[in-house]
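Please follow this account alongside the sequence and the model.

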Amino acid sequence: MSDVQLGMPELPAPGYPADVRARLDADAKEVIARYPDARSALLPLLHLVQSEEGYVTRTGVRFCAETLGLTTAEVTAVATFYTMYRRKASGDYQVGVCTNTLCAVMGGDAIFDELKEHLGVGNNETTEDGKVTLEHIECNAACDFAPVVMVNWEFFDNQTPESAKAMVDDLRAGRPVSPTRGAPLCTFKETARILAGFPDEREGAVEASGGAGPASLTGLRLAKGEAAGRIVSPRHAEVPAGRPGTDQQTSAPDPAGPGTAGSEEGE
């Protein structure tokens, strides 16, 4: 019985200081006004409190619950369901390496393993200087740029272990780092405020926001008939009589070779 320890129950979460509470109340009022039902504002309010302390604290959960008339259990259930809400203190830069199937095959697993060793941290751990939190992500929705790394949800496409290590070294040293597409980087707290729905007031940031690249758009252009394409039968499958096969194209052959359709499909 000597191993049994009776712990004290957890005390209620403290509130924000008066000045912080007043500022957050004003921001929350602006967010809630966008929705016909106040509780629909929970997701952006969680980003708002995350922008205050860098993660969703018990104090932040209490603020959201009191503001929206919810229980702390209801707020916690949402905050723990979505991975974009941090549950512990994290770094200024969230470096997420895609380790889903295509990115993994293209080198994502190698990037993640080398970054863990290079930074001396594991998954969801933060470097001692508080600059970088490393995590693996299941999909960054950018398979045509695999392997992909994201920093505070901005894209770094076609990465290698070497380029990823150079990038985190620059982040930790405070040197400028630019995504391959999208807005310039800002800190995780600043990103959380933008995700709460407040404007990004940095000069040129909105105009710099990136979209899909040429590889992503080729399928759309094919569907619209704006790009030449080919009908290709599965490997080793018999081609029914009268049906186009691998040697019959819907457009003139491309001298660039197989796998391309004009100058469009290989972009």
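In this predicted model, Leu43, Phe81 and Tyr82 together make a nonpolar surface patch of about 320 Å².

The structure holds one cavity of 30 Å³ or more, and the largest cavity contains about 40 Å³ of space. Its lining is formed by Arg86, Gln94, Val95, Gly96, Glu135, Ile137, Met150, Asn152 and Trp153. Two elements, β1 and β3 (132-137), each give two or more residues to this lining. Of the elements, β1 gives the most, with three residues.

The charged side chains form the next topic. The model has a count of 13 salt bridges. One of them pairs arginine 62 with glutamate 66, with 2.8 Å between the closest N and O atoms. Arginine 62 and glutamate 66 are four residues apart in helix α3 (residues 58-68), so about one helical turn separates them. Arginine 62 counts as partly exposed because its relative accessibility is 30%, and glutamate 66 is likewise classed as partly exposed, at 42%.

A second pair lies within helix α5 (residues 101-119), where aspartate 113 and lysine 116 are three residues apart, about one turn of the helix. The closest N and O atoms of the salt bridge between aspartate 113 and lysine 116 are 3.7 Å apart. With a relative accessible area of 43%, aspartate 113 is partly exposed; lysine 116, at 28% relative accessibility, also counts as partly exposed.

Which parts of the chain does the pair of lysine 165 and glutamate 114 link? Lysine 165 forms a salt bridge with glutamate 114, and their closest N and O atoms are 2.9 Å apart. This pair links distant parts of the chain, since lysine 165 belongs to helix α6 (residues 161-173) and glutamate 114 to helix α5, 51 residues apart. Lysine 165 is partly exposed at 22% relative accessibility, and glutamate 114 is partly exposed with a relative accessible area of 29%. Finally, salt bridges with shared partners join Arg21, Asp25, Arg62 and Glu66 into one network.

Note on methods: Residues are numbered from 1 along each chain as its sequence is written. This is a predicted model: local features need pLDDT of at least 70, side-chain atom pairs count only at pLDDT 80 or more; totals for chains, interfaces and linings use all residues. Side-chain values use heavy atoms; hydrogens and water are left out. Patches are made of residues with over 30% relative accessible area and no salt bridge: like charges are joined within 9 Å, nonpolar side chains (Val, Leu, Ile, Met, Phe, Trp, Tyr) within 5 Å. Accessible areas come from the Shrake-Rupley method with a 1.4 Å probe; for residues, only the protein chains shown count as cover. A salt bridge is a side-chain nitrogen of Lys or Arg within 4 Å of a carboxyl oxygen of Asp or Glu. On a 1 Å grid over the protein atoms alone, a cavity is a set of points where a 1.4 Å probe fits but cannot get out, and a pocket is an open set with protein on both sides within 12 Å along at least five of seven lines; lining residues have an atom within 4 Å of a point. Grid points are joined across faces, edges and corners, and a volume is the space filled by probe spheres set on the points. Buried means under 20% relative accessible area, exposed over 50%, partly exposed in between (1.4 Å probe, protein chains only).
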